[in-house]
Amino acid sequence: MEYLRLSHEQARAMIHHAQASYPAEACGLIGGQANTAHLLIPVTNVAANPNSQFQMAAHELLQGLKTIEVAGFDLIGIYHSHPKSDPIPSSTDIQMAEKHYPQVAQVIISLKYQRPRLKAWHIQPGRVDALDLIVGKSVAETPSYRLSRAQQMAIVLAACLSLIIMLSISLTLLPPAPLLTPAPR
Ligand SMILES: [Zn+2]
């Protein structure tokens, strides 16, 4: 995955959703095909701290995934807004994306500046890459963002944690050592 393509209308719809939800974060699903968005599905944010986190309402999430499937598309992205911060994934965003949807694009709409900024990311276990976000026919002009040291540490930490969890799970799943019986003579 190197890019995500949106229409101008889709970009505007995401920004409107973000602005209407302010100061809470807005979130939703992006259905499409071959990195091109065809369907935007806003989902209610039910996080305990909706101003700094998002959690999609479970039944709406399931319904949205079904709508995308019925329309013949795939889930190609998830969007959410940062009402007061840059469009850079937070450590919580990174952990959530790694755990639940490592294969789709993550679009973040930032309302920190006078003009809303959109940025797409691809978050996989142990790494976070910026994606080109193509709106209409041209690549959206956003300043390039560099991850801070703290964010890079969060990525490494999350990767280490999941490795430790995986190891401990696989250890507990190991069958007990076979009893050694003397070889028959
Ligand atoms: Zn976020």
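This is a walk through one predicted model, from its overall plan to a few single residues. Local features are described where pLDDT is at least 70 and side-chain atom pairs where pLDDT is 80 or more, while totals for chains, interfaces and linings use all residues. Residues are numbered from 1 along each chain as its sequence is written.

Let us start with the overall plan. The chain has four helices and eight strands; helices (H or I, at least four residues) and strands (E, at least two) are DSSP runs, numbered from the N terminus. Of the 185 residues in the chain, 31% are buried. Here a residue is buried if 20 or more other C-beta atoms lie within 10 Å of its own, exposed if 12 or fewer, and partly exposed in between, with C-beta atoms placed from the backbone. Contacts are pairs of residues whose C-beta atoms, placed from the backbone, lie within 7 Å. Among contacts between residues at least 6 apart in sequence, 66% join residues at least 24 apart.

Now find helix H1, residues 8-21. Its 14 residues reach 20 Å from the first C-alpha to the last, close to the 20 Å expected at 1.5 Å a residue; the expected span is 1.5 Å times one less than the number of residues. Gln10, Ala11, Met14, Ala18 and Ser21 of H1 are buried. They sit on the same side of H1 because they cover an arc of only 105 degrees around the axis, where the arc is that of the directions from the helix axis to the C-beta atoms. On the other side of H1, His8, Glu9 and Ala20 are exposed. The cover over the buried residues of H1 includes strands S1 (3-6), S3 (36-43), S4 (74-82), S5 (105-110), S6 (117-124) and S7 (127-135).

What does Met14 touch, leaving out residues up to four places away in sequence? Its partners are Leu40, Tyr79, Val107, Ile109 and Leu118. Met14 also belongs to the largest nonpolar core, which has 37 residues. A nonpolar core is a set of buried Ala, Val, Leu, Ile, Met, Phe, Trp, Tyr and Cys residues joined through C-beta atoms within 7 Å. Along with Met14, those with the most contacts inside this core are Leu4, Ile30, Tyr79, Ile94, Val107 and Ile109.

Strand S7 has two partners to look for. Two strands pair if DSSP finds at least two bridges between them. S1 and S7 pair in the parallel sense over four bridges, with Arg5 opposite Ile134. S6 and S7 pair in the antiparallel sense over five bridges, and there Ala120 stands opposite Leu131. S6 and S7 form a hairpin with two residues between them, and Gly126 in the turn has a positive phi of about 85 degrees.

Further along, Ala154 lies in helix H4, residues 149-173. Ala154 is buried, because 20 other C-beta atoms lie within 10 Å. Not counting residues up to four places away in sequence, Ala154 touches Ser91 and Ile94.

Finally, visit two loops. Between H1 and strand S2 (27-33) lies Pro23, joined to Tyr22 by a cis peptide bond with omega of about 5 degrees. The loop between S2 and S3 holds Ala34 and Asn35. Ala34 has a positive phi of about 50 degrees although it is not a glycine, and phi of Asn35, also positive, is near 65 degrees. Ala34 counts as exposed, with 7 C-beta neighbours inside 10 Å, whereas Asn35 is partly exposed, with 17 other C-beta atoms within 10 Å.

Terms used: Contact = placed C-beta atoms within 7 Å.
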